[in-house]
Protein chains: 2
Amino acid sequence: MQKEVTIGDVARESGVNVSTVSRALSGVYGVHVQTRERVRAVAERMGYRPNRVARSLVTGRSHTLALIVSDIRNPFFAEVARGAEDAARAGSCDLILCNSDLDNAKQMQYVESLLEKRVDGILMNSVWALDKKQQQRLATCGVPIVLLNRAAPRSAFCTITADNEQGGALAADYLRSLGHRRIAHLSGPKRHGNMTGRTAGFVRALAAGPRPITPVVLYGSNSFAGGIELTRKLIAAHPDITAIFAANDIMAFGAIRELIQAGRRIPDDVSVIGFDDIELASVVHPPLTTIHQPIHEIGKAAVEILLRLAGGVNKAPEHRLFGVSLVERQSCKRLNT
Amino acid sequence: MQKEVTIGDVARESGVNVSTVSRALSGVYGVHVQTRERVRAVAERMGYRPNRVARSLVTGRSHTLALIVSDIRNPFFAEVARGAEDAARAGSCDLILCNSDLDNAKQMQYVESLLEKRVDGILMNSVWALDKKQQQRLATCGVPIVLLNRAAPRSAFCTITADNEQGGALAADYLRSLGHRRIAHLSGPKRHGNMTGRTAGFVRALAAGPRPITPVVLYGSNSFAGGIELTRKLIAAHPDITAIFAANDIMAFGAIRELIQAGRRIPDDVSVIGFDDIELASVVHPPLTTIHQPIHEIGKAAVEILLRLAGGVNKAPEHRLFGVSLVERQSCKRLNT
DNA sequence: CTGAAAGCGCTAACAG
DNA sequence: CTGTTAGCGCTTTCAG
């Protein structure tokens, strides 16, 4: 690493004091236009690059945000990350990416490390219900945190999520309207806020109305592999199922894959509906009927809140709930009577 | 932001000098076991968190790496990012994520910003051929850079890629072996190193041998949408094509989608082969035959090189070429004669 | 083994 | 408008 040009070098070279250089380059008022231009020219010529580490040390702001997701390979989180990065960039911040693998301890390790780096804010889906101590730690860490799932009612965190319950209910009503009555639901890990919200909305909606239905509910990993595994179990235990609601699209992909493997046709033998509406939902065969949520928007909005919080604006925890909608494609079919 | 506990506070509280605290906490030798334990206890009790910004300022290492990809939503890059993050974490570094959108200027802006933040290394796919000035800037910026594509022969950068040419050749030989002779290739943007490597290998292999074939080659966006668009054009201009090699899997997805839309069956009417072997390749219908490359490995290896470079080990630009292989699934079929 | 002191590069009062 | 002077919190010689 060759020696960097510092603000002192620029000052010496332009015959002014470092503070003048600082002001000239920061674009703050209070500098003669002439000197400012001269300083800028010199800085340019010398290839001066301000050292943001030094700046951060004195200002206390690092202009860095962090996003902790369970796994960036999940297309849902990739889209969230993209929305978040776009917003971060717009706010001239960088985004550190962390993969928690749904591991509480690992997640907290990341948080501690990020706090030491003095990030200006953290965006995370606190995947498992954190214990009291951990929640306490997050709440009092002094750095703004926005959660991508519903938090405990009176928690101190801002949250931003899709309306999972409503989405679950939409799926339920849709399957019921198609005449299905032997229905299964593939959920994620128990205690996973978003997954369980979908499950709750789904079960509640099926239980409501004149002819209540009780679905078979299976819990497992909210991944492609999880979808496969749960579907295998499902077929073994309940071969007469006619419709499946998967808690997210990649689980639905897994379910479809396993169903086809087992010789079932979709949607002729079994209807499948997902949740998320990731880009690839329209790619699989058949195109997946699913619950749409504005993923990119969610990442973007979350960072915008973070930025506002980091600006020290207000403190009242804000909760945004994005609307969802049913996207009808070709993976569900009216039940043959 | 409540006031942070500093090393000075810990020093005062434990009745020693800051330098002793520093040594005690850094685990460096040269501290009496007793004092070290005492200091540690005090630090623990006070909830002391070292300020890494300050540390970085003096040590000159930020323990932060950056990854610039065109778009994290591309499952290929998500997997690269995961591999990179895993390796970064293993080396106790954080990873900043940037999306260049295949935009040269945007990419250079990121680089400048990252340099100001004094990242320890940058991992990027310099998507378009950079101009001389930009290459020069990167080569002399003083920060290790590893490229995810082949660079100019005598360039100063480390590169780590899959064997694109070989992959293209594998696809060519495979399609030819199935009896196809009217073959199309959907490539990415011209000048995109990896894409064009695949194209070159493909075209060359088809041109070789006793009965040379000249494929129809179309250039476009290396995305799902790009695959759709190119396929639409292809069908219009060359309706008699029997096989398509897409330069990556998501383009292949787009192609399949468009072919089905146009009433073609796969693989009965048209065979499709992709490149990358992303996880979802096995999910689409029919499961995609594709060229496998070790994506996670590539991200991981790239960061490991970066880490070694950041450690100031050696300077000789290293070039790693990962082997590829053909994964036969169900999207290609022997041509009916 | 430990303390004192000198910065890392920059910003931010405070004078002038 | 510009220079002086303190630090930000930490590591790292250099003495003792």
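These legends accompany close-up views of a predicted model.

**View 1. The protein surface near DNA strand C.** Around DNA strand C there are 27 residues, and A:I7, A:S19, A:S22, A:A54 and B:S19 come nearest. Both chains take part here: α1 (7-14), α2 and α4 of chain A each give two or more residues to this surface, as do α2 and α4 of chain B. By class, the surface near DNA strand C has 12 nonpolar, 13 polar and 2 charged residues.

**View 2. The protein surface near DNA strand D.** The surface near DNA strand D is made up of 11 nonpolar, 12 polar and 3 charged residues.

**View 3. Helices α2 and α3 of chain A.** The axes of α2(A) and α3(A), the latter spanning residues 33-46, come within 9 Å and cross at roughly 90 degrees. An angle from 65 to 115 degrees counts as roughly perpendicular, so that is how α2(A) and α3(A) are described. On the α2(A) side you will find A:T20, A:V21, A:A24 and A:L25, which meet A:T35, A:R36, A:V39, A:R40 and A:A43 of α3(A). This contact comprises 5 nonpolar, 2 polar and 2 charged residues.

**View 4. Helices α1 and α2 of chain B.** In chain B, helix α1 (residues 7-14) and α2(B) have axes that come within 8 Å and cross at roughly 100 degrees. The two helices, α1(B) and α2(B), are therefore roughly perpendicular to each other. Here B:I7, B:G8, B:V10 and B:A11 from α1(B) meet B:V18, B:V21 and B:S22 from α2(B). The contact of α1(B) with α2(B) holds 5 nonpolar and 2 polar residues, with no charged residues.

**View 5. The side of chain B that touches chain A.** Between the two chains, 38 residues of chain B are in contact with 38 residues of chain A. On the chain B side, α4, α5 (75-90), β2 (94-99), α6 (104-116) and α11 (249-261) each supply at least two residues. Of these, α5(B) gives the most, with 6 residues. This side of chain B divides into 18 nonpolar, 7 polar and 13 charged residues.

**View 6. Helix α11 of chain B and its surroundings.** The 13 residues of α11(B) reach 18 Å from the first C-alpha to the last, close to the 18 Å expected at 1.5 Å a residue. Because 10 of these 13 residues are buried, α11(B) is largely enclosed by the rest of the structure. Among the buried residues are B:M251, B:F253, B:I256, B:R257 and B:L259. Their packing partners are α5, β6 (183-187), α10 (224-237), β8 (243-246), β9 (271-276) and β10 (289-292) of chain B. Just after the helix, B:G263 takes a positive phi of about 85 degrees.

**View 7. Helix α12 of chain A.** With 16 residues (295-310), α12(A) should span 22 Å at 1.5 Å a residue, and the 23 Å between its end C-alpha atoms agrees with this. Buried residues of α12(A) include A:I295, A:I298, A:K300, A:V303, A:L306 and A:L309. Follow the chain just past α12(A) to find A:G312, which has a positive phi of about 75 degrees.

Terms used
Residues numbered from 1 in each chain as written. Chains lettered and ligands numbered in written order. Predicted model: local features only at pLDDT ≥ 70, side-chain atom pairs only at ≥ 80, totals over all residues. Nonpolar A, V, L, I, M, F, W, Y, C, P; charged D, E, K, R; others polar. Helix = DSSP H or I, 4+ residues; strand = E, 2+ residues; numbered from the N terminus. Expected span 1.5 Å × (residues − 1). Buried ≥ 20, exposed ≤ 12 C-beta atoms within 10 Å, placed from the backbone. Axes fitted to C-alpha atoms, helices over the stretch in contact; angles between N-to-C directions. Parallel < 35°, antiparallel > 145°, perpendicular 65-115°, else oblique. Contact = placed C-beta atoms within 7 Å. Near = placed C-beta within 6 Å.
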